[in-house]
Amino acid sequence: MNDSPGWATPGSSPSDGDRPGTPADQPGTDGGAQQPDRPAGDPKWSAEQPPPGQWSSPGAPEAPPAPPQPATGGWGQPQNAPYGAQNGPQYGYPGSPGQWGSPPAAKPGVIPLRPLGLGEILDGAVATMRTHWRSVLPITLVVATVVQVIGVFVQRYMLKDLILAPSEDVTAEQMFDSLGSTLGASAVNEFIQVLGTIVVTAMLTMIFSRAVLGQNSSVSAAWRDARPQLLRLAGLTLLMALGALAMGAVLVLPGILADNIGLIVLGFVVWLPLLLWLGIKFSLASPALMLEKSTVLKAFARSSKLVKGAWWRVFGITLLTGFIAGLLAAMIVLPFQWAGLLAFGGGMDALADGSAQTAWGTLILSAIGLIIAQTIVMPFQSGVTVLLYVDQRIRREGLDLELARAAGVENYG
């Protein structure tokens, strides 16, 4: 184990479902009472010492025996006693008598080192953005700005002949040219967006991994840690996209070629749920690739192993994160888009004939809104994915022990 963002080699992790306990050779874990230190050979010391908490001063009267306790129910209350009665013994962890619950976990960074709840995952992502904004903000802001600037020029010059609706003056050839321009612009925008997302994901993964340990990370350090895995992350992203397209071609294309609506619908009915299932199954491949320094195929296998048995939980958290991110992005982007449309785009008439789509004012204001939205949304979504990966490894492999050692927490576990 080392203190790098990868924390621990997965090959040395315990099997699924087993959380490692305290090693038997550590002091205080032999199951017996720990004897106090005494000088060797001193005749004033007896060979057998009373257990802790039972010392009495010489000559003091012997304490009376404790009265017998009534039989208790399952929650530490006497049987047949009314709810809330304080006659029975009180249980709890040290330092909090009478309180139920597990001892508070160590928290060297943005999350406690134990299995996480939904609120803790979301809060950990937001806390990292707030605490380490000097590292997070420049990365997302620069990448979002580059992506949107390129997108403005692509839309301006590739969609200038866009035709939204057929008319008597528009030929079929013009309609096909307009459709081709739209698809081409969308493909270029999507490609640039994917490249930007890869860079952001790689660097933010390193920042979040150090935030878990309570360590700061600069932009240069995040780039230095992420750079060796960038090509593999690009390959992983490309492989996932090609796999989705291949499944769609196998399931939907036969119906299209046969011009059979029922077969097309059946293909989509099979393709979309399968795409969703595989997307969640491999949703942790990216942090596994970056933090474990693994290959693409091993990252897919690791994600599948970590998600196994927790698919619905990972799906629910991912879905909620996407909903929150989409709602937040819409709240930021829509005012800019409407302001650009009304002030520079010519209003609703320009929107209907398509001229508003390529007006400089509309494009620039929309790009500003998208830059702000992506600067906030991208680190939030990346952070939730990284913390989901950490949570699954804590639950399955006892990663909290390795994280505590890496963070310098003494006597953890």
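Start by selecting helix 12, residues 399–407. Six of its residues are buried: Leu 399, Asp 400, Leu 401, Leu 403, Ala 404 and Ala 406. Now step just past the end of helix 12 to Gly 408, where the phi angle is positive, at about 80°.

Before going further, note that this is a predicted model. Colour the protein by pLDDT. The average is 76, and 65% of the residues score at least 70. Select helix 8, residues 296–307, to see where confidence is highest, with a mean of 96. Then select helix 10, residues 347–353, where confidence is lowest, with a mean of 59.

Two other stretches deserve a look. Where pLDDT is low, the predicted coordinates should not be read in detail.

Switch to a cartoon view of the whole protein. It shows 12 helices and 0 strands. Of the contacts with a separation of 6 or more, 69% join residues 24 or more positions apart. Of the 413 residues, 36% are buried.

Next, go inside. Which residues have the most contacts inside the largest nonpolar core? Select Val 384, Val 390 and Leu 403; these are the ones, in a core of 61 residues. Leu 403 was already on the list of buried residues in helix 12. The largest share of this core comes from helix 3, residues 172–212, which supplies 11 residues. A second, separate core has 6 residues, among them Ala 325, Val 333, Ala 373 and Val 377. In soluble globular proteins, nonpolar side chains tend to be buried together.

Select Val 149, Phe 153, Tyr 157, Leu 328, Trp 360, Ile 364, Ile 368, Ile 372 and Ile 376 together. They form a nonpolar patch on the surface, with about 760 Å² of accessible area together. Two elements give two or more residues to the patch: helix 2 (133–158) and helix 11 (360–397). Helix 11 gives the most, with 5 residues.

Leu 328 sits in helix 9, residues 311–343. Is Leu 328 buried, partly exposed or exposed? Its relative accessibility is 33%, so it counts as partly exposed.

Return to helix 3 and select Phe 191, which is found there. Phe 191 has a relative accessible area of 51%, and the cut-off for exposed is over 50%, so Phe 191 counts as exposed.

The last stop is Ser 286, in helix 7, residues 285–292. At a relative accessible area of 14%, Ser 286 is buried. Which residues does Ser 286 contact, leaving aside neighbours within four places in sequence? Show Thr 201 and Leu 233 alongside Ser 286, as these are its contacts.

How values were computed
Residues numbered from 1 in each chain as written. Heavy atoms only, no water. pLDDT = per-residue confidence, 0-100. Helix = DSSP H or I, 4+ residues; strand = E, 2+ residues; numbered from the N terminus. Buried < 20%, exposed > 50% of the residue type's maximum accessible area, 1.4 Å probe, protein only. Core = buried A, V, L, I, M, F, W, Y, C linked by side-chain atoms within 4.5 Å. Patch = residues over 30% accessible without salt bridge, like charges linked within 9 Å, V, L, I, M, F, W, Y side chains within 5 Å. Areas by Shrake-Rupley, 256 points an atom, 1.4 Å probe, with all protein chains shown as cover. Salt bridge = Lys/Arg side-chain N within 4 Å of Asp/Glu carboxyl O. Contact = heavy atoms within 4.5 Å.
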